[in-house]
Amino acid sequence: MTVTMPDPVRPAPLAEPIRMLWLEVTGRCQLTCTHCYAASSPTGSHGSMHLAEWIEVITQAAAAGVEKVCLIGGEPTLYPAFPELVAAALAAGLAVEVYTNLYALPARVWDTLTQPGVSVATSYYAAEPAGHDAITGRSGSHAHTRTNLRRLVNAGVPVRAGVIATAGDDQAAAAVADLAELGVAAKVDHVRPFGRAADRDDEAGSCGRCGHGRAAIGADGTVTPCVFTRQAVAGNVRTDGLLGALGSTAFRAQVARLDRSRARVVRRPGADGCSPDDSACGPDSDACGPDFPEVGA
């Protein structure tokens with residue numbers, strides 16, 4: 001299939017260099033986590049982006065100085081052309097992180113994740129199976145994730161985890177300790193008010209770095225400042241090209257609007273702002289400080 005995307009040669013200058021892109025390649029997932037920001041499920045769609053369009057996004061991203069892509073969903077390993085996407089990103093010289101629930105690692109996925117240049121991120125909810133499975137909505141998910149974490153660590157694959165304190169700080173601390181025994185570094189976050197975790201998305205609950213050095217591409221090609229802030233659409237790569245969307249007035253306006261929405265957040269002591277480290281912002285971010293910022297009335 002031949003795909004012609006908008007000319008990336010003459011985009012508007014980017015207001016700020018984008019170093020990391022989230023590629024939300026599918027809305028399908030084996031799990032139905034109670035707090036899922038994307039409301040993913042086994043009935044989710046792979047979206048309307050064709051493989052050739054994703055590859056063109058990757059090509060334009062590398063040309064623009066992007067350093068890293070994070071494949072996410074849904075469960076990105078369920079995307080039919082998952083190995084091809086990772087191969088394209090590696091060939092373009094990009095670092096690749098795969099944010100996966102680690103429920104299943106068939107051979108095609110295992111071979112992809114164990115390539116040089118690929119790292120893995122996952123979410124973990126409890127040291128004991130019942131607590132974890134209650135969040136994911138699938139019995140046995142704790143055992144699958146824990147087993148596959150051990151496999152990846154033993155294979156030398158870089159792995160990080162986000163522990164979401166869905167049942168309080170004590171449960172989160174136990175989960176972090178359990179992961180440490182496996183050799184997996186973890187950070188703790190609280191539930192963010194997006195997707196199934198909220199009656200309506202509250203953009204003030206984002207990590208505070210939306211659009212600053214990072215952006216997200218949805219499964220339909222929409223461009224937003226973050227995977228959380230899904231309503232802050234600033235264009236579409238299928239009509240605008242990646243650089244056209246990122247360099248647009250609309251993208252700048254959405255970033256500025258999200259910055260203003262954070263102005264009503266009351267930070268706790270020590271919450272001095274997000275780290276510039278790409279891995280610090282995302283669905284497991286605790287980058288705004290040791291505790292989730294409280295939202296003022």
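**Close-up views of a predicted model**

No disulfides turn up in a search of the whole structure, a disulfide being a pair of cysteine sulfur atoms within 2.5 Å. This is a predicted model, in which local features need pLDDT of at least 70 and side-chain atom pairs count only at pLDDT 80 or more, while totals for chains, interfaces and linings use all residues. Residues are numbered from 1 along each chain as its sequence is written, and side-chain values use heavy atoms, with hydrogens and water left out.

**View 1. Cysteine 29 and cysteine 33 are not joined by a disulfide.** Cysteine 29 counts as buried because its relative accessibility is 10%; buried means under 20% relative accessible area, exposed over 50%, and partly exposed in between, with a 1.4 Å probe and protein chains only. Cysteine 33, at 11%, also counts as buried.

View 2. Helices (H or I, at least four residues) and strands (E, at least two) are DSSP runs, numbered from the N terminus. Of the 297 residues in the chain, 53% are buried. Among contacts with a separation of 6 or more, 70% are between residues 24 or more positions apart, where contact means heavy atoms within 4.5 Å.

**View 3. Helix H1 (residues 51-63) packs with helix H2 (residues 82-91).** Their axes are 9 Å apart and the angle is about 20°. Axes are lines fitted to C-alpha atoms, for helices over the stretch in contact, and angles run from 0 to 180 degrees between N-to-C directions. At this angle H1 is roughly parallel to H2; angles under 35 degrees count as roughly parallel, over 145 as roughly antiparallel, 65 to 115 as roughly perpendicular and the rest as oblique. On the H1 side, Leu51, Trp54, Ile55 and Ile58 meet Glu84, Leu85, Ala88 and Ala89 of H2. This contact of H1 with H2 has seven nonpolar residues, no polar ones and one charged. Ala, Val, Leu, Ile, Met, Phe, Trp, Tyr, Cys and Pro count as nonpolar, Asp, Glu, Lys and Arg as charged, and the others, Gly among them, as polar.

**View 4. Helix H4 (residues 129-136) and helix H5 (residues 141-154) cross at roughly 105°.** The two axes come within 8 Å, and H4 and H5 are therefore roughly perpendicular to each other. H4 contributes Pro129, His132, Asp133 and Thr136 to the contact, and H5 contributes Ser141, His142 and Thr145. By class, the contact of H4 with H5 has one nonpolar, five polar and one charged residues.

**View 5. Glycine 211 is in the loop between strand S6 (185-189) and strand S7 (214-217).** With a relative accessible area of 4%, glycine 211 is buried. Beyond neighbours within four places in sequence, glycine 211 is in contact with Glu16, Ile18, Pro225, Phe251 and Val255. Phenylalanine 251 is 40 residues from glycine 211 in sequence, with 8.0 Å between their C-alpha atoms.

**View 6. A cis peptide bond joins glycine 73 and glycine 74.** Its omega is about 15°. Glycine 74 is in the loop between strand S2 (68-72) and H2.

**View 7. Leucine 102 is not a glycine, yet has a positive phi of about 60°.** Leucine 102 lies in the loop that runs between strand S3 (95-99) and helix H3 (107-113). Leucine 102 is buried, with a relative accessible area of 0%.
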